[in-house]
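Here is a short tour of one protein model. Keep the sequence and the 3D view open as you read.

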Amino acid sequence: MNSTIQTRDKRTLDSKGNPLDDDIVQVCDVTKAFGSHQVLRGMSMNIGKGTAAALIGPSGSGKSTLLRCINGLVEIDKGEVYAAGHAVHELRTDKDRIDLRRDVSMVFQQYNLFPHMTVLQNVMLAPINVLNEDKDEVEARALKLLAKVRLTGKEKAFPGQLSGGQQQRVAIARSLAMRPLVMLFDEVTAALDPETVKEVLSTIRELVEEGMTSILVTHEMRFAREISHQVFFTDKGLIVESAEPKEFFDSPKDSRTREFLSHVL
């Protein structure tokens, strides 16, 4: 029988930290400024367990900063963030955030792989060094993940020997090695050439279809429409509009949303 715990906002979680009310991520009136520049001006959003949410909007509208707030990479000024059972806004040190980073993993635009380590070593590093897991068990899991992202045969290669798309898929496998409950993708195809974008998007699509809760900052509008369950449009630090993909793209309600879509579709 699973034990349950209570969060400060009175949600009940199972023993793995999954909200039983299905909202695995909650962002509540979050603000964030860097110096005099106000980046987030009171963003709120709920993400259901097993769903994919796309964040779209012009550059500088706060999308990437919001992801970093959810993962605890950026401390918020006001508001509350709950992710996979963690009250993120209450975590103050890297030690406090270890469990959060296990449950909420992030893939960046830049691959951030260690160039002196092989593909397999890159994927195994965090579970062994951060979670202190058994090396043999981690290696077996890492090999399965590399097969999952279609990189079997590249285990002994170094990042510099791989294409950009292959490196990004290694980064995805590395994040999955932590066995997260939520995956955050921050413009993961922005640095790729058109020929390698498809292979990375295919990997993400498969994860979403398998039920991985995912939040994606993306400029790939067609992809956002096809794989997401909800689309959020951000502008000037606010969530201007959100809806299911068909409604969002076919019948946007806000004039700013319509203006943006007219330029990118």
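In α9, the residues T257, F260 and L261 are buried. Their arc around the axis is only 95°, which puts them on the same side of α9. This is a predicted model. The face of α9 turned away from the buried side carries S262 and H263, which are exposed.

What do the buried residues of α9 pack against? Their neighbours are β5 (52-56), α7 (221-227), β11, β12 (238-243) and α8 (245-250). The N-terminal end of α9 is capped by D254. One of its side-chain oxygens lies 2.8 Å from the backbone nitrogen of R256.

## Aromatic pairs

A pair of aromatic rings is described by the distance of the centres and the angle of the planes. The count here comes to two aromatic pairs.

| Pair | Centre to centre | Angle between planes | Type |
|---|---|---|---|
| F233 and F260 | 5.0 Å | 40° | tilted |
| F248 and F249 | 5.1 Å | 80° | edge-to-face |

Take F233 and F260, which form a tilted pair. F233 lies in strand β11 (residues 230-235) and F260 in helix α9 (residues 255-264), so the pair ties together parts that are 27 residues apart in sequence. Both F233 and F260 are buried.

Now take F248 and F249, an edge-to-face pair. Is F248 buried or exposed? F248 is buried, because its relative accessible area is 0%, under the 20% limit. F249 has 8% relative accessibility and also counts as buried.

F249 sits in helix α8. Which residues does F249 touch, leaving out those up to four places away in sequence? They are I56, M221, A224, R225, V231, L261 and L265. One of these contacts is L261, a buried residue of α9.

## Strand β10

How many residues of strand β10 are buried? Five of the five residues in β10 (residues 213-217) are buried, so the strand is largely enclosed by the rest of the structure. In a regular strand the side chains alternate between the two faces of the sheet. In β10, T213, I215 and V217 point one way. S214 and L216 point the other way.

β10 runs parallel to β5, and four bridges join them. A52 stands opposite S214 in β10. β10 also runs parallel to strand β9 (residues 182-186), joined by five bridges. Here F185 has L216 of β10 as its bridge partner.

## A four-stranded sheet

Another part of the model is an open sheet of four strands. Its order is β4-β3-β6-β7, with antiparallel pairing. Which strands form the edges? They are β4 (37-48) and β7 (86-87), and each pairs on one side only.

Strand β3 (residues 23-34) and strand β6 (residues 78-83) pair in the antiparallel sense over five bridges. V25 has A83 in β6 as its bridge partner. Next come K32 and F34. The charged end of K32 sits over the ring of F34, 5.2 Å from the ring centre.

## Helix α3

One more helix has a list of buried residues. In α3 (residues 119-129), these are V119, L120, N122, V123, M124 and P127. The elements that cover them include α4 (135-148) and α5 (164-176).

How values were computed
Residues numbered from 1 in each chain as written. Predicted model: local features only at pLDDT ≥ 70, side-chain atom pairs only at ≥ 80, totals over all residues. Heavy atoms only, no water. Phe/Tyr/Trp six-rings, centres within 6.5 Å; stacked < 30°, edge-to-face > 60°. Helix = DSSP H or I, 4+ residues; strand = E, 2+ residues; numbered from the N terminus. Buried < 20%, exposed > 50% of the residue type's maximum accessible area, 1.4 Å probe, protein only. Lys NZ or Arg CZ within 6 Å of the ring centre and 35° of its normal. Arc of directions from axis to C-beta. Contact = heavy atoms within 4.5 Å. Polar contact = N/O pair within 3.5 Å; in protein donor to acceptor, adjacent residues only side chain to side chain. Pairing = 2+ DSSP bridges.
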